[in-house]
Amino acid sequence: MTYRITLDFLLYPWLDAKSLNQHRRFAVHSRETSDATKSTAISLGWLGAVETRDPTCSDFPEEAF
């Protein structure tokens with residue numbers, strides 16, 4: 001299972017992220033905004049770093065995971 005599928009499930013059906021758009025602070029955002037942010041994070045490797053993290057590697061601080 002990929003991060004994209006997992007995040008889509010967690011954000012939309014489970015957490016109902018769409019309902020955040022009803023709040024004034026998040027009204028300018030949409031699913032397209034969330035998907036673009038998610039795609040950027042995946043392409044930059046921010047999300048993949050967690051999946052492929054070598055436990056012996058000290059490149060990232062532990063609190064990043």
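## The largest pocket

Leu-11, Tyr-12, Ala-17, Lys-18, Leu-20, Asn-21, Phe-26, His-29, Ser-30, Arg-31 and Ser-34 line the largest pocket in this predicted model. Two elements each give two or more residues to that lining: H1 and helix H2 (31-44). A pocket here is found on a 1 Å grid over the protein atoms alone: it is an open set of points where a 1.4 Å probe fits, with protein on both sides within 12 Å along at least five of seven lines, and a lining residue has an atom within 4 Å of a point.

How big is the volume of the largest pocket? It comes to about 190 Å³, where volume means the space filled by probe spheres set on the grid points, which are joined across faces, edges and corners. Sort the lining by class and you get five nonpolar, four polar and two charged residues. For that sorting, Ala, Val, Leu, Ile, Met, Phe, Trp, Tyr, Cys and Pro are nonpolar, Asp, Glu, Lys and Arg are charged, and the others, Gly among them, are polar.

## Ground rules

Residues are numbered from 1 along each chain as its sequence is written. Since the model is predicted, local features need pLDDT of at least 70 and side-chain atom pairs count only at pLDDT 80 or more, while totals for chains, interfaces and linings use all residues; side-chain values use heavy atoms, with hydrogens and water left out.

## The overall fold

Let's zoom out. The chain has three helices and zero strands, giving the pattern α-α-α along the sequence. Helices (H or I, at least four residues) and strands (E, at least two) are DSSP runs, numbered from the N terminus.

Of the 65 residues in the chain, 8% are buried. Buried means under 20% relative accessible area, exposed means over 50%, and partly exposed is in between (1.4 Å probe, protein chains only). The accessible surface of the chain is about 5500 Å², and carbon and sulfur atoms own 60% of it. These areas come from the Shrake-Rupley method with a 1.4 Å probe, and for residues only the protein chains shown count as cover.

## A network of charges

Side chains of opposite charge can pair when their charged atoms come close. Here a salt bridge is a side-chain nitrogen of Lys or Arg within 4 Å of a carboxyl oxygen of Asp or Glu, and by that rule there are three. Asp-8, Arg-31, Asp-35 and Lys-38 are linked in a network of salt bridges.

Start with Asp-8 and Lys-38, whose side chains meet at 2.1 Å, N to O. Asp-8 sits in helix H1 and Lys-38 in helix H2, so this pair ties together parts that are 30 residues apart in sequence. Is Lys-38 buried or exposed? It counts as buried, because its relative accessibility is 6%, while Asp-8 is partly exposed at 24%.

Now look at Asp-35. One of its partners is Arg-31, with the closest N and O atoms 3.6 Å apart; both residues lie in helix H2, four residues apart, about one turn of the helix. Asp-35 also forms a salt bridge with Lys-38, and there the closest N and O atoms are 3.2 Å apart. Asp-35 and Lys-38 are three residues apart in helix H2, so about one helical turn separates them. Asp-35 is partly exposed at 24% relative accessibility, and Arg-31 is partly exposed too, at 41%.

## A nonpolar patch

Which residues make the nonpolar surface patch of about 390 Å²? They are Phe-9, Trp-14 and Leu-15. Patches are made of residues with over 30% relative accessible area and no salt bridge, joining like charges within 9 Å and nonpolar side chains (Val, Leu, Ile, Met, Phe, Trp, Tyr) within 5 Å. Trp-14 belongs to helix H1 (residues 3-14) and counts as exposed because its relative accessibility is 59%.

## Between H1 and H2

The loop between H1 and H2 holds Asp-16, a residue other than glycine with a positive phi, near 55°. Asp-16 is partly exposed, with a relative accessible area of 39%.

Ser-19 is in the loop between H1 and H2 as well, and is partly exposed at 25% relative accessibility. Its C-alpha atom is separated by 9.9 Å from that of Ser-30, eleven residues apart along the chain.
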